[in-house]
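Thanks for coming. I have one structure for you this morning, and I will go through it piece by piece.

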Amino acid sequence: MPDLNLLITLDVLLTEGSVARAAQRLQLSPSAMSRALARLRETTGDPLLVRAGRGLVPTPRALALREQVSRLVQEAHAVLRPALSLDMAQVQRTFTLRTSEEFVESFGPALLARIAGEAPGVRLRFVNKTDKDNRLLREGSVDLETGVVDATASPEVLTQALFRDRLIGVVRSGHALSQGDVSVQRFARGHHVYVSRRGQDRGQIDDALEAQGLTRHISTVVAGFSTAIALARDTDLIACVPERYTANQRGGLHSFALPITLAPFTVAMLWHPRLDADLAHRWLRGCLREVCAQQVQSPLP
């Protein structure tokens with residue numbers, strides 16, 4: 001029967017990438033750690049860590065095992081850890097949330113007020129989300145993300161829906177489209193600002209217009225909805241933005257339903273399984289879920 005303690009040793013070795021640092025972390029002598037590595041190599045049939053210059057680098061097999069081993073060790077700790085209640089008023093902790101500026105502007109004030117009342121020692125650190133790569137969640141440098149989940153999301157990341165949203169059109173007050181019905185022809189004839197964090201120059205709106213034999217003129221491409229709204233406010237550009245996501249940024253502008261059929265989308269929060277049983281993280285997820293539910297009460301038309 002394999003020695004399951006080797007899983008912990010392997011997890012630390014793959015995390016540290018150094019026999020000496022792993023030995024220090026596990027409070028073992030360097031020779032004992034070297035013997036453990038030898039046993040791991042014999043058990044797995046792979047060298048796992050090999051010399052490269054003055055350091056060690058993981059083999060392809062080690063890279064393939066790293067996340068699985070980490071998850072197994074975390075799950076084992078969760079099984080053996082007693083379920084305890086947690087007094088959030090006494091917790092001193094910083095959570096890193098990766099999300100868009102629009103999400104922070106729309107939901108941040110209510111979330112921060114909720115946290116200040118229940119857990120004054122908790123601090124939120126917001127970092128801007130520029131892509132859908134879940135690597136930072138897996139690495140542990142980000143505790144929670146928000147975004148639209150699609151088929152490219154990593155299967156190891158856990159998700160929970162927060163609210164549904166849809167795209168709408170936004171123009172400045174006095175813009176031609178602020179008067180009368182917005183037909184698909186009038187919409188397509190206008191000049192548009194397109195939002196793409198990855199620098200693409202067309203999306204689902206263009207596909208829907210093309211299906212009707214129409215194209216729109218995209219005058220500029222920007223990376224965020226807040227920027228698109230700012231341009232629409234001071235120019236004749238048409239911006240297409242999420243209705244609920246940008247509710248607090250569209251004051252004084254004219255909003256209208258798009259004259260094309262697009263499916264609503266779901267905004268969710270995402271986290272790594274290693275934090276699923278963490279009581280403070282569970283509390284934070286509950287706060288975010290309830291704040292979003294309170295801010296978004298009416299159903300989409």
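Let me begin with a cysteine. The sulfur of Cys 292 has its closest cysteine sulfur in Cys 287, at 11 Å, which is too far for a bond. A disulfide would need the two sulfur atoms within 2.5 Å. Please keep in mind that this is a predicted model. Cys 292 is also buried, because its relative accessible area is 0%, and buried here means under 20%. How many disulfides does a search of the whole structure find? The count is 0. Another cysteine, Cys 240, has a relative accessible area of 9% and is buried.

Strand β10 covers residues 238-242, and it pairs with β8, residues 191-195, in the parallel sense, over 2 bridges. Within that pairing, His 192 sits opposite Ile 238 of β10. Both strands belong to an open sheet of 5 strands, in the order β9-β8-β10-β7-β11, with mixed pairing. Which strands stand at the edges? They are β9, residues 217-222, and β11, residues 254-257; each has a single partner strand, so one side of each has no neighbour in the sheet. From one strand to the next, the twist averages 35°. Helix α9, residues 225-234, packs on this sheet and touches β7 (167-171), β8, β9 and β10. The direction of α9 makes about 145° with that of β10.

Now the other sheet on my list. Here again 5 strands form an open sheet with mixed pairing, and the order is β4-β3-β5-β12-β6. The edge positions go to β4 (122-128) and β6 (158-165); with a single partner strand each, they have one side left without a neighbour in the sheet. The twist in this sheet averages 25° from one strand to the next. Strands β3 (residues 93-99) and β5 (residues 144-148) run parallel and are joined by 2 bridges. Leu 97 stands opposite Leu 144 in β5. Helix α5, residues 101-118, lies across β3, β4, β5, β6 and β12 (265-271). Relative to β4, helix α5 runs at about 180°.

Next, a residue from a loop. Tyr 245 is placed between β10 and β11. Is Tyr 245 buried or exposed? It counts as buried, because its relative accessibility is 8%. What is Tyr 245 in contact with, leaving aside neighbours within four places in sequence? The list includes Thr 99, Ser 100, Glu 102, Phe 103 and Ser 106, and it goes on with Thr 146, Phe 163, Asp 165 and Val 267. Tyr 245 and Val 296 are 51 residues apart in sequence, and their C-alpha atoms are 9.6 Å apart in space.

Last, two backbone angles. Gln 27 is not a glycine, yet its phi is positive, at about 60°. Gln 27 lies in the loop between α2 (19-25) and α3 (30-44), and it is exposed, with a relative accessible area of 74%. Leu 48 likewise has a positive phi, near 65°, in a residue other than glycine. Leu 48 is found in the loop between α3 and β1 (49-52). With a relative accessible area of 1%, Leu 48 is buried.

That is where I will stop.

Terms used
Residues numbered from 1 in each chain as written. Predicted model: local features only at pLDDT ≥ 70, side-chain atom pairs only at ≥ 80, totals over all residues. Heavy atoms only, no water. Pairing = 2+ DSSP bridges. Helix = DSSP H or I, 4+ residues; strand = E, 2+ residues; numbered from the N terminus. Axes fitted to C-alpha atoms, helices over the stretch in contact; angles between N-to-C directions. Contact = heavy atoms within 4.5 Å. Buried < 20%, exposed > 50% of the residue type's maximum accessible area, 1.4 Å probe, protein only.
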